[in-house]
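Colleague: I would like to go through this model with you and ask what stands behind each word you use. Please show it first.

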Amino acid sequence: RSIWVTGVQTCALPISNALSHEIKTPLARMRFEIELARIAADPAALQRHLDHLNTDVTELNAFVTATLEYAVLERAEMSLNIAPHDFTAIVPAVTESVKRGARADLSIHCEVDSDAKTVVCDVHLMETVLRNLLYNAIRHARRQIRVTFAIVAQQRYRLCVEDDGPGVAEADRERVFDSFVQLGRPTGEKTGFGLGLAIVKRIVEWHGGSAHVEQSALTGARFVVDWRAR
């Protein structure tokens, strides 16, 4: 069935500033590469500049896609397609799909409650939640990621994704779910656009649930989302 939900939109100014930065930076690089391509002295140099342009186009496209997805979830109203789904099949399938694109030395273990055959949710959105949590864990994990899904009370569900990475400092555990927040790595390397976890939080809120992060038994971060069937 479909249900309508309402929400509160976030402040536009910080978001518009972040949008401007994320768009202008690759555009500036692209202009620079175009100028270099125009004066390239040989085919190899031209190809190198074209490859750099293609990288920036790919990055910009990924950013636009993520931003549009987030914008849909930030609307004051939206419709959820709520229905029962078999998470004993869905969670392992999504995990395996993401695992195929991860680095070879990373172990990803998945465990699902055998009773989770009629989980009530918008399955497309909840698959997005799981994918985003896995992508986040892959960026930070050293060797191990664990995915668990369980029914913790009557018709209350809990999805956890944890890793053995550096974890999230206690002071950052709330703002890590804010839009365009990028905690990054100790090296200062950029690890995304800061929208994945914001999307997770918004989807779970649309389902009447919550998301938080805590210390994992694996020593890294343990992201937990839970919601109740409607």
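Modeller: Helices (H or I, at least four residues) and strands (E, at least two) are DSSP runs, numbered from the N terminus. By that rule the chain has five helices and nine strands. Their order along the sequence is β-α-α-β-β-α-β-β-α-β-β-α-β-β. This is a predicted model, in which local features need pLDDT of at least 70 and side-chain atom pairs count only at pLDDT 80 or more, while totals for chains, interfaces and linings use all residues. Residues are numbered from 1 along each chain as its sequence is written, and side-chain values use heavy atoms, with hydrogens and water left out.

Colleague: Why is D226 called buried?

Modeller: Buried means under 20% relative accessible area, exposed means over 50%, and partly exposed lies in between (1.4 Å probe, protein chains only). D226 has a relative accessible area of 5%, so it is buried. The residue sits in strand 9 (residues 221-228). Over the whole chain of 230 residues, 41% count as buried.

Colleague: What makes the pair of D226 and R156 a polar contact?

Modeller: A polar contact is a pair of N or O atoms within 3.5 Å; within protein, one must be able to donate a hydrogen and the other to accept it, and residues adjacent in sequence count only if both atoms are side-chain atoms. The side chains of D226 and R156 make such a contact at 2.6 Å. A plain contact asks for heavy atoms within 4.5 Å. Setting aside residues up to four places away in sequence, D226 touches R156, Y157, R158, V204, G209 and S210.

Colleague: Why is helix 5 described as largely enclosed?

Modeller: Helix 5 (residues 196-206) has eleven residues and eight of them are buried, so the rest of the structure largely encloses it. The buried ones are L197, A198, I199, V200, R202, I203, V204 and W206. Just after helix 5, G208 takes a positive phi of about 75 degrees.

Colleague: Which residues line the largest cavity, and what classes do they belong to?

Modeller: On a 1 Å grid over the protein atoms alone, a cavity is a set of points where a 1.4 Å probe fits but cannot get out, and lining residues have an atom within 4 Å of a point. The lining of the largest cavity is F87, I90, V91, V94, M126, E127, L130 and L159. Helix 3 (87-99) and helix 4 (123-140) are the elements that give two or more residues to it. Ala, Val, Leu, Ile, Met, Phe, Trp, Tyr, Cys and Pro count as nonpolar, Asp, Glu, Lys and Arg as charged, and the others, Gly among them, as polar. By that scheme the lining has seven nonpolar, no polar and one charged residues.

Conventions
1 Å grid on protein atoms, 1.4 Å probe; cavity = no way out; pocket = protein on both sides within 12 Å on 5 of 7 lines; lining within 4 Å.
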